[in-house]
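Welcome! Take a moment to look over the sequence and the 3D view before reading on.

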Amino acid sequence: MTVTRSEGTRGSAPDPAEDTPAANPPEGGAKPAVDRRVKALRMFATSITVFTIIGHLFLGFEQSPLTPIVAVLFGYALDLALETLDARAAGRTPGYMGGAKKMVDYLLPTHIAGLACAMLLWGNASLWPYMFAVSVAVSSKYLFRLPVGGRWRHFLNPSNFGIAVTLLLFPWVGISPPYHFTNNAWGTVDWLIPLGILMAGTMLNVNLTKRWPLILGWVMGFGLQAVLRWLFLDHVLLAALMPMTGVAFILYMNYMITDPGTTPSKPRNQMVFGLTTAAVYGILVSFHVVFGLFFALVITCVLRGLVLVGASLLNGRAPESGPTAPTEPTPTPSSSTPPRAGDG
């Protein structure tokens with residue numbers, strides 16, 4: 001559940017495979033069209049905000065209603081502080097400068113990361129685990145960067161990384177229980193919620209982020225690892241496939257793993273990325289590692305970073321992406337310009 005803003009303000013180059021207003025200026029002085037990556041970022045932010053509000057009012061989200069508010073406000077303050085320091089050190093203009101609209105677009109990825117951490121983690125009555133996860137998510141975009149095409153880009157999915165680090169360091173912190181997303185739903189509504197999320201997420205990724213090959217690779221890979229575990233490790237096939245029926249899996253598939261800023265742009269590399277994540281997940285589950293979805297994505301992003309660095313050293317240039325390689329097809333707001341895209 002992360003969309004990273006583009007690093008243009010911090011020196012990232014736009015993905016040549018993407019159409020941008022700069023590359024296709026309007027004729028006759030017409031108002032430039034909004035970059036589809038920025039549209040995706042805004043839709044991501046709107047979707048998770050609406051779902052959070054509905055979840056706390058009607059669906060029975062178990063965290064305190066104060067949790068998402070604190071997480072988001074803390075993320076805003078931290079991101080603005082880090083961006084100010086980074087811009088000063090680099091001698092550039094902060095990415096949030098340029099008016100209210102620019103500020104809003106800039107903060108959308110952090111908004112998404114804050115709500116994602118608040119929604120997916122369970123820290124009991126404490127607020128600090130959520131704040132810690134948000135701090136890791138936001139800071140990772142400044143700390144973990146690689147030179148790509150002569151520009152620096154972060155390669156770890158921010159929201160996922162923040163959640164994974166929190167789960168690893170604090171064993172008493174868990175993820176939201178599976179029933180969390182439909183706690184107070186019943187009958188037809190119990191089916192309509194995951195169906196609605198699936199349809200909205202699929203439309204977003206097909207029309208705007210163009211990450212449908214990644215989703216296809218992930219779903220195929222998840223099914224394949226389940227069958228292989230059944231054949232060779234005597235795991236129960238139905239149990240191995242069961243996660244695919246839950247709301248958490250649909251959210252992860254459409255809003256987390258498809259982060260434009262930390263996944264490849266080329267369809268072939270997207271497929272490899274999805275398959276690799278599923279394979280890593282299957283290995284982790286075989287070794288009885290819990291929270292495998294989050295750890296698998298971190299490992300895949302790290303592998304992609306290593307491939308990118310290796311390819312850059314061998315070829316004297318940075319590839320578009322590999323298993324694959326972390327290029328941020330950066331949405332114009334950080335975690336994948338004006339906005340940085342990137343979160344969920």
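The notes below walk through a few places in this structure, grouped by topic. Please keep in mind that this is a predicted model.

**The nonpolar core**

- The largest nonpolar core has 68 residues. Those that touch the most other members are Phe51, Met119, Ile163, Phe181, Ile197, Trp218 and Leu251.

**Helices H6 and H9**

- Helix H6 covers residues 187–209 and helix H9 covers residues 247–256. Their axes come within 9 Å and cross at roughly 10°. An angle under 35 degrees counts as roughly parallel, so H6 is roughly parallel to H9.
- On the H6 side, the residues that meet H9 are Pro194, Ile197, Leu198, Ala200, Gly201, Thr202, Leu204 and Asn205. On the H9 side, their partners are Val247, Ile250, Leu251, Met253, Asn254 and Tyr255.
- What kinds of residues make up the contact of H6 with H9? There are 10 nonpolar residues, four polar ones and no charged ones.
- H9 is largely enclosed by the rest of the structure, because nine of its 10 residues are buried. The buried residues of H9 are Val247, Phe249, Ile250, Leu251, Tyr252, Met253, Asn254, Tyr255 and Met256.

**Cysteines**

- How many disulfides does a search of the whole structure find? The search finds zero.
- As a reminder, a disulfide is a covalent bond between the sulfur atoms of two cysteines.

- Thr67 is located in helix H2, which spans residues 66–90. Its relative accessibility is 3%, and since anything under 20% counts as buried, Thr67 is buried. Apart from neighbours within four places in sequence, Thr67 is in contact with Ala118, Leu127 and Tyr130.
- Leu284 sits in helix H10, residues 267–286. Is Leu284 buried or exposed? With a relative accessible area of 14%, Leu284 is buried. Not counting residues up to four places away in sequence, Leu284 touches Val289, Gly292, Phe295, Ala296 and Ile299. Leu284 and Phe295 are 11 residues apart along the chain, and their C-alpha atoms are separated by 8.3 Å.
- Val227 belongs to helix H7, residues 212–233. Val227 has a relative accessible area of 29%, so it is partly exposed. Between the C-alpha atoms of Val227 and Ala240 there are 7.9 Å, and the two residues lie 13 residues apart along the chain.

**Two residues with positive phi**

- Asn124 is not a glycine, yet its phi is positive, near 60°. You can find Asn124 in the loop between strand E1 (121–122) and helix H4 (128–143). Asn124 is exposed, with a relative accessible area of 54%.
- Where is Lys210 found? Lys210 is in the loop between H6 and H7. Lys210 also has a positive phi, about 60°, although it is not a glycine. At 33% relative accessibility, Lys210 is partly exposed.

Terms used. Residues are numbered from 1 along each chain as its sequence is written. This is a predicted model: local features need pLDDT of at least 70, side-chain atom pairs count only at pLDDT 80 or more; totals for chains, interfaces and linings use all residues. Side-chain values use heavy atoms; hydrogens and water are left out. A disulfide is a pair of cysteine sulfur atoms within 2.5 Å. A nonpolar core is a set of buried Ala, Val, Leu, Ile, Met, Phe, Trp, Tyr and Cys residues joined through side-chain atoms within 4.5 Å. Buried means under 20% relative accessible area, exposed over 50%, partly exposed in between (1.4 Å probe, protein chains only). Axes are lines fitted to C-alpha atoms, for helices over the stretch in contact, and angles run from 0 to 180 degrees between N-to-C directions. Helices (H or I, at least four residues) and strands (E, at least two) are DSSP runs, numbered from the N terminus. Angles under 35 degrees count as roughly parallel, over 145 as roughly antiparallel, 65 to 115 as roughly perpendicular and the rest as oblique. Contact means heavy atoms within 4.5 Å. Ala, Val, Leu, Ile, Met, Phe, Trp, Tyr, Cys and Pro count as nonpolar, Asp, Glu, Lys and Arg as charged, and the others, Gly among them, as polar.
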